[in-house]
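This report goes through a two-part task: the fold of each chain, then the contacts between chains.

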Amino acid sequence: MTARAGGVLWIARANLRSDLRSTLVNAAAATVGAAALAFFVALGLGVGDAARRMFPADARLVDVVPAGVSLGGVLGGGELDDAAVARLRALPGVEAAWPRLTLRVPIAAGQAPEGLRYNWPPGLTVQVPVLGVDPGLLAGAAEGGFSFEDPGDDAGPIPVMLSRRLIEVYNKTIAPSWNVRKLPMGLSLVGLQLPVQVGYSIVPQKTEDRIFESRLRLVGLSDRVPLYMLAMPLGTVRRLNREYGKVDAGYTQVTLLARRPEDAPIVAAAVRRMGFALDEGERATAERVGTVVAVTTLALALLATLMVALAALAIAQSLSANVRARAREIAILRAVGATPADVRGIILVEGGVVGLAGGLLGAAGARLAALGADRLAARLLPDFPFRPETFFSFPAWVPALAVAVALGAAILGALAPAALAARVDPARTLA
Amino acid sequence: MIALRAITKTFHDGSQEVQVLRGVDLEAAPGELVAIVGQSGSGKSTLLYVAGALDGDFGGEAIVAGRSLRAMSERDRAELRNRRIGFVFQSFNLLPGLSALENVMLPGVLRRGGEPFEGLRERARAALARVGMGDKATARPARLSGGERQRVAIARALAAGPALLLADEPTGNLDATTGEGIIRLFRELAAGGLTVLVVTHEERVSRAAERVLHLQDGRLS
């Protein structure tokens, strides 16, 4: 005969209730372990999310630049001209190739964007660094019915795009230091027009002979735009460079889109073999930050797992002592019809209940501790760019993991005491 | 109800072997109250645990409620104890964390395919009432006197509706008056058709039995 499950639960509950002190101590051990695990994993995920917002590296993008030292056509490297772009586009694993070209004509802004209430500092003129990009690179980023195409000669405002991150950096660092108004976040900026002087430079020697008034219209925001530059359609940049007699010595950079993230290293290797170099600045930073976050999270999670293991040991020790002290009670259970399997089940359920309670409390405790830590950070840390609202991320699997690990560890800890209990000889114990 | 034939039992203490039972024969019919007397260490309790299917390591043949204990698995012996045998011990052996009612419910709680908890509770209440403890159902054992604890233990033994009641020095920890009450209860139970086997060294208990057997040198006489 094996007792019904309800009976085993009933007896386990009664045992836990009758030895409330041990139950609470064991549950507290499991709670601390589970809370630490959930807290650190959530912290790692949260910081990882923040790092990805700060360094939004696209795993499929490979940025190609001309090599510092090149043997030119001998090895197929040299300038990034249209022929080179065609060769790069034809590489296995490459889905698209988008050239970029620096605008070599200076552009400066001396007043605030139209339609934006902004306390532009009097007399301030800002040089606007512009990069021409293939519209394909920013496909889908244009909003508000605007297009990111060259408008042609005197055909109205020039469409431009900004990095989302620039707004954040501007609001958190530049605006406070200039004591000017912060920019609204998000797409409400789209459509704003910035009056500029094309050909004008704040460095007098670099100002062109011909200067004309124009307007730049913000048509979208994209993480594919370099942080401190303004993206303009490649055709516009080509046209302006040509109009001002600036001969293009090939493209500044070509961005390749790999078909799959795992193709990116293969494409990168092929690019190097062609004699070109890779601009890995942002990607390398993103990877470094990602690695640091992942390793730190792993280390903290291991530490938390160690705490859970210690909790399991504490539960094992406590339950073993408990089983030895309750040998007579176990013998009584045997006398009234419990099998060794029932007794084993009762002890395992006791461990499981402690682990489950500890896991649930730990998961809830981690959530509360995270809220507390976020509040503390909001009060103590300065408002730096990309500072997240929360440093924690709690997807459903994090508390589930904490509960499962605490439950598993407690049951694991209860295995030996359960075996000990099952071996109690009722006849000898009751004699 | 119970038939023991040529029961032997040997304990091993390191390299030493101590033979406690040396061929015990015993038969008890339904409704019979049998007392087994003997000195301390004579093996009375050991015999009781063999008869009660608590100890499966013995020689000879033991038949309880028509079933041979030697041929039974651990699970089957547990089921037999649960359904057909009730135990009463000298030190009551109630679970201290449970109330009187919960202690009485224990065999039913462990029974597979048993009745719902509400039914068990009712039966436990009836068993407590039968031994005069109906008003102490919620009390923990620590709050009960020795006699009351023993009555709860008897109620627990009876709640499962056993055919055989095995009592090991049931009055050993009780005063004379309380002990008399317990003995009277055993006689009533036997009169109701229950086979009662009482191990004792007290004359007042053996006097109440229909048959008194002496365990000496590992044999009954």
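This is a predicted model: local features need pLDDT of at least 70, side-chain atom pairs count only at pLDDT 80 or more; totals for chains, interfaces and linings use all residues.

Residues are numbered from 1 along each chain as its sequence is written, and chains are lettered from A and ligands numbered from 1 in the order in which they are written.

**Chain A overall**

Chain A has 11 helices and 11 strands; helices (H or I, at least four residues) and strands (E, at least two) are DSSP runs, numbered from the N terminus. With a radius of gyration of 33 Å, well over the 22 Å that the globule rule gives for 431 residues, chain A is more spread out than a compact globule. That radius is taken over C-alpha atoms, and the rule is 2.2 Å times the number of residues to the power 0.38. Along the principal axes, the C-alpha atoms of chain A fill a box of roughly 110 × 55 × 35 Å.

Of the 431 residues in chain A, 39% are buried; a residue is buried if 20 or more other C-beta atoms lie within 10 Å of its own, exposed if 12 or fewer, and partly exposed in between, with C-beta atoms placed from the backbone. Among contacts in chain A with a separation of 6 or more, 84% are between residues 24 or more positions apart. Two residues are in contact if their C-beta atoms, placed from the backbone, lie within 7 Å.

**Cores**

A nonpolar core is a set of buried Ala, Val, Leu, Ile, Met, Phe, Trp, Tyr and Cys residues joined through C-beta atoms within 7 Å. The largest has 142 residues, and Ala34(A) and Ala38(A) have the most contacts inside it. Helix 2 (residues 20-54) of chain A gives the most to this core, with 14 residues. Leaving aside residues up to four places away in sequence, Ala34(A) touches residues including Val308(A), Gly358(A), Gly362(A) and Ala402(A). Another core, of 48 residues, lies apart from it and includes Val62(A) and Leu131(A).

Just after helix 8, Gly337(A) takes a positive phi of about 120°.

Between the chains, 25 residues of chain A are in contact with 26 residues of chain B. Helix 1 of chain A gives the most to the chain A side, with 7 residues.

**The sheet of chain B**

An open sheet of 4 strands in chain B has the order 2-1-4-5, with antiparallel pairing; two strands pair if DSSP finds at least two bridges between them. Its edge strands are strand 2 (16-28) and strand 5 (67-68).

| Antiparallel pair | Bridges | Bridge partners |
|---|---|---|
| Strands 1 and 2 of chain B | 10 bridges | Ile7(B) and Val24(B) |
| Strands 1 and 4 of chain B | 5 bridges | Ile2(B) and Val64(B) |

Strands 1 and 2 of chain B form a hairpin with 2 residues between them, and Gly14(B) in the turn has a positive phi of about 65°. Arg5(B) stands opposite Glu61(B) in strand 4 of chain B.
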